[in-house]
Amino acid sequence: MESSRPLLISFLPSVWVVAVAAAAAATRSPGCATRCGAIDVPYPFGLDPQCAIHDGFQLNCTTVGRTTKLFYLNVEVTKISVEDGKAWLKTWISRQCYNQTTNDMFVENAWINATDTPYVLSADDNKIIVLGCNIMAYMQSDSYVIGCMSTCDDPLKNGSCSGTAGCCEAELPRGVRYYQGFFNGLYNTTQIWRNTPCNYITVMESAAFNFSTTYLTSTAFYDSDDSRTPVVMEWGIARQTCEEARANETAYACVSDHSDCVYSDAAGYRCSCSKGFEGNPYIVDGCTDINECLDNFKYPCAGICENTLGNFTCSCPRGRNMINGVCVKSQRSTWMLPLVGASVGLVTLVIGITCAYLVRERRKLHRIKQRYFRRHGGLLLFEEMKSQHHQGAAFTIFSEEELQQATNNFDGQRVLGHGGHGTVYKGVLKSGDTEIAVKRCMTIDEQQKKEFGKEMLILSQINHRNIVKLLGCCLEVEVPMLVYEFIPNGTLFDLIHGDHSRQQHVSLDTRLRIAYESAEALAYLHSCASPPILHGDVKSTNILLDGDYTAKVSDFGASILAPNDKSQFVTVVQGTCGYLDPEYMQTYELTDKSDVYSFGVVLLELLTGKKAFNLEGPENDRSLSMRFLYAMKENKLEDIVDDQIKNSENLEYLEEIAELARQCLEMSGVNRPSMKEVADKLDRLRKIMQHPWAHENPEELDKLLGEPSTANSTATTGNFSITKRAAMGLESGR
């Protein structure tokens, strides 16, 4: 039996977003301290309210023992860089250790919560580190579940982190502000505690970690530096684009002349000094000119160096000329002609070599693109497209240049969303009248590269009104890109949970129609596609809405692009919190019933208006599915149903939808209905809602249900008590 104790690093600031909007972009007040012990505290940071640009940058300087330390709330800060927009902090370590006294495992799960703060974990500087000889651990955030498995199958070696020698690493996604470390209880040190007593997981700075065998054979890793590891946080002044920040002149933070705005998707905007200048861009006149002439190593000049504003010039004294970066003495005219001739010849030679190099590089790039094209099955796909040319096939193989032009070179302002498999950009084709969505996948393994062309043939033939159309792909890049039709009205998640949803009433009829259309699309993928396609990432953000608010299931190629070989042992689980099939978490095998479970969670979102996973709620209420199943067990369904659709007339229908959702959320996949069964049940219930008068007419009810309306016909009514009662009422004359 495991016992656990949480270790929390939680940023609980004042409402800093509001503070940013209200604060004037002013410099530090006179008399503000600029150091805490040995650490510089540059503006926009400060040790007092009047010394920081806003609450999110207020730090405190405290003496701990005999050492003066810098803190942001309860988190120790060890370094701040205005130039890089980063801060170095210390974080807790999650550990799982064998307790000799109680003969069970003792677990301390650590987490960071930087939500609604200026800080975000740096994906470039940090990694997920897992230590142990029998451990499967993972980092869970609001959008990711990422980790790895570590064993001691190979001899332990200092500096090695391979996954089979006591240590493994995983890349940290971008934009993570919250995470918590967890251990899979099936893997622990119960049998090996005498040699390796503990397992660990933490997120820490990559450059600060160097694996040591003593981390496993003792408690050195946990006991070092007060049980904490360094982590790098990026920070921004506000979660605004540069254009949005400049629009509010009184609050715009880049107040120095010769300063620029720098934007990051993860942290928002910050400031930096322009090229040729250095200093603090957040202070009036804080960016000063760099005197390049004082640093001949960084700014070499073999002649006379003259500093200019933001740059420098290099010239020769009178009587000397600059040749190949070197000042040489001028010769008489009798020597000038050969020298000029030699110079012209040298320039011609350099130009010729440069042109040859550029031609060679161009050909090399062309060969690389051809190799990628062939590796991804482009030749097979191209031949198949030629054979289907007269059949009206609308699938296109795009070039990388076409997609770069369509997306303005994949501009960050064109990003439509981020997912577990890649980033989606909005684009406009060269014709100017066709809007597209371009998906850049993050990674793909060698086996998937070989099968990619075949998979595109399968996906290109999918034609369903409730599935986003795959228009084409780009194969001449290392990781292929997919091109979809652009859907204008956002996602189902935005419709249910967005700010506009508070003003916009979404009726039960509309919600039921969207659920039916989405179920129809998934049933088509499972039953009509050849071979069948498993979605693998069903969630409300992957259900798009067109101009008429018709549901369009997107990202349906995720499962094909993900490992699906049953013989492959998967040690990394990646998905979306709140939607993951618990059976998949145990078996690592994706099935059609995994999609059914995830769709059940989407059905709950439509029914309750609540998010699938809520970090801000109590621990027992964070999972919507768990909260729903508890409410069903206690007959308290009305407590969680959305107030917009809850009334006495809808109660029976809501109970029917809730029962269907409960069936989809069965722990065992074999007990869940198929997507075809789910779609049929939603269609029947939708027809009865649209035509309640049919209850009084047996012939009309037959037409709506498509089968004889008899009380004993379970095939007609399925599990719907409303349709059963309607049929029974007709037979009894009521």
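I searched the whole structure for salt bridges and got 21, counting a side-chain nitrogen of Lys or Arg within 4 Å of a carboxyl oxygen of Asp or Glu. The model is predicted: local features need pLDDT of at least 70, side-chain atom pairs count only at pLDDT 80 or more, and totals for chains, interfaces and linings use all residues. Residues are numbered from 1 along each chain as its sequence is written, and side-chain values use heavy atoms, without hydrogens and water.

Strands (E, at least two residues) and helices (H or I, at least four) are DSSP runs, numbered from the N terminus.

Next I checked helix packing. Helix α12 (residues 592-608) and helix α14 (residues 651-664) pack at about 155°, axes 8 Å apart; axes are lines fitted to C-alpha atoms over the stretch in contact, and angles run from 0 to 180 degrees between N-to-C directions. α12 is therefore roughly antiparallel to α14 (over 145 degrees). On the α12 side, the contact includes V596, Y597 and G600; on the α14 side, L654, I657 and A658 are among the residues. Contact means heavy atoms within 4.5 Å.

I then took helix α10 (residues 508-527), which packs on α12 at about 170° with axes 11 Å apart. So α10 is roughly antiparallel to α12 as well. Among the residues that meet are R511 and H526 in α10 and D592 and F599 in α12.

Terms used. Parallel < 35°, antiparallel > 145°, perpendicular 65-115°, else oblique.
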